[in-house]
Amino acid sequence: MRKLRSVLVGTALAGALAAGIAAAPAQAATATTAGTASVSQAQYTKHWFSGYSSFGRGESRGERSNYKGYWYYSNGRYYFDIEAWDHDRDRQNTYVDFSYHDNSGWHTRRFSTGGHGEWKFNISARGGFDGFRTHIGEGNSRDFDWGNYYRHSF
């Protein structure tokens with residue numbers, strides 16, 4: 001009986017030791033992967049911005065269009081990602097005006113959607129890019145319910 005207990009305890013101890021040795025490389029690999037992921041994510045920081053359109057006669061606040069976006073700087077370029085939603089389904093488009101300033105003055109890009117849109121683009125920092133502003137409007141060519149500007153300078 002004593003020999004049987006010794007054999008069982010020895011087998012259990014050997015199994016636990018083998019499992020620990022097998023788990024060590026997996027834990028080391030996980031730590032290495034996590035370390036690599038955190039380094040790649042730490043290369044830039046996202047900066048968020050957002051806004052709402054104004055609302056016209058007969059519209060509630062819930063029917064306004066809105067946008068949200070972020071920017072980050074990496075390798076001499078500013079990267080932007082902007083999403084916009086038109087909530088009221090009134091067959092009018094939603095417009096997002098993105099204006100940026102550099103050594104040549106102000107430049108405007110207009111993006112448009114009838115429901116949901118997403119736009120990704122980048123701008124070089126070489127031309128003296130020093131800030132941007134954006135706002136959202138909704139309507140037709142005669143009448144836009146423009147919201148307030150979001151402004152950011154560098």
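## Aromatic pairs, salt bridges and the sheet

Y79 is partly exposed, with a relative accessible area of 24%; by the cut-offs used here, buried means under 20% relative accessible area, exposed over 50% and partly exposed in between (1.4 Å probe, protein chains only). The model is predicted, so local features need pLDDT of at least 70 and side-chain atom pairs count only at pLDDT 80 or more, while totals for chains, interfaces and linings use all residues. Residues are numbered from 1 along each chain as its sequence is written, and side-chain values use heavy atoms, with hydrogens and water left out.

**Aromatic pairs.** The structure holds 23 aromatic pairs. Rings of Phe, Tyr and Trp (its six-membered ring) pair if their centres lie within 6.5 Å; planes under 30 degrees apart count as stacked, over 60 as edge-to-face and the rest as tilted. One of these pairs, Y44 with Y72, is stacked, at 3.8 Å centre to centre and with 20° between the planes. Y44 lies in the loop between helix 1 (2-41) and strand 1, and Y72 in strand 2, so this pair ties together parts that are 28 residues apart in sequence. Helices (H or I, at least four residues) and strands (E, at least two) are DSSP runs, numbered from the N terminus. Y44 is partly exposed at 31% relative accessibility, whereas Y72 is buried at 16%. Y72 also forms a stacked pair with Y79, with 5.2 Å centre to centre and 15° between the planes.

Four strands form an open sheet in the order 1-2-3-6, with antiparallel pairing. Strand 1 and strand 6 (116-124) stand at the edges with a single partner strand each, so one side of each is left without a neighbour in the sheet. Two strands count as paired if DSSP finds at least two bridges between them. Strand 1 and strand 2 run antiparallel and are joined by six bridges; Y52 stands opposite N66 in strand 2.

R64 is found in the loop between strand 1 (47-52) and strand 2 (66-74). This arginine, R64, is buried, with a relative accessible area of 16%. Leaving aside residues up to four places away in sequence, R64 touches Y52, S53, S54, F55 and H87, where contact means heavy atoms within 4.5 Å.

**Salt bridges.** Side chains of opposite charge can pair when their charged atoms come close. The structure holds two salt bridges, each defined as a side-chain nitrogen of Lys or Arg within 4 Å of a carboxyl oxygen of Asp or Glu. The table sets them out.

| Salt bridge | Closest N and O atoms | Relative accessible area |
|---|---|---|
| K120 with D81 | 3.7 Å | K120 61%, D81 9% |
| D97 with R110 | 2.7 Å | D97 9%, R110 45% |

The salt bridge of K120 with D81 links distant parts of the chain, with K120 in strand 6 and D81 in strand 3 (residues 77-85), 39 residues apart. K120 is exposed, while D81 counts as buried. In the salt bridge of D97 with R110, D97 belongs to strand 4 (residues 93-102) and R110 to strand 5 (residues 105-113), 13 residues apart. D97 is buried and R110 is partly exposed.

**A charge over rings.** The charged end of R133 sits over the ring of W106, 4.3 Å from its centre. R133 also lies over the face of Y149, at 5.0 Å from the ring centre. Such an arrangement requires NZ of Lys or CZ of Arg within 6 Å of the ring centre and within 35 degrees of the ring normal.
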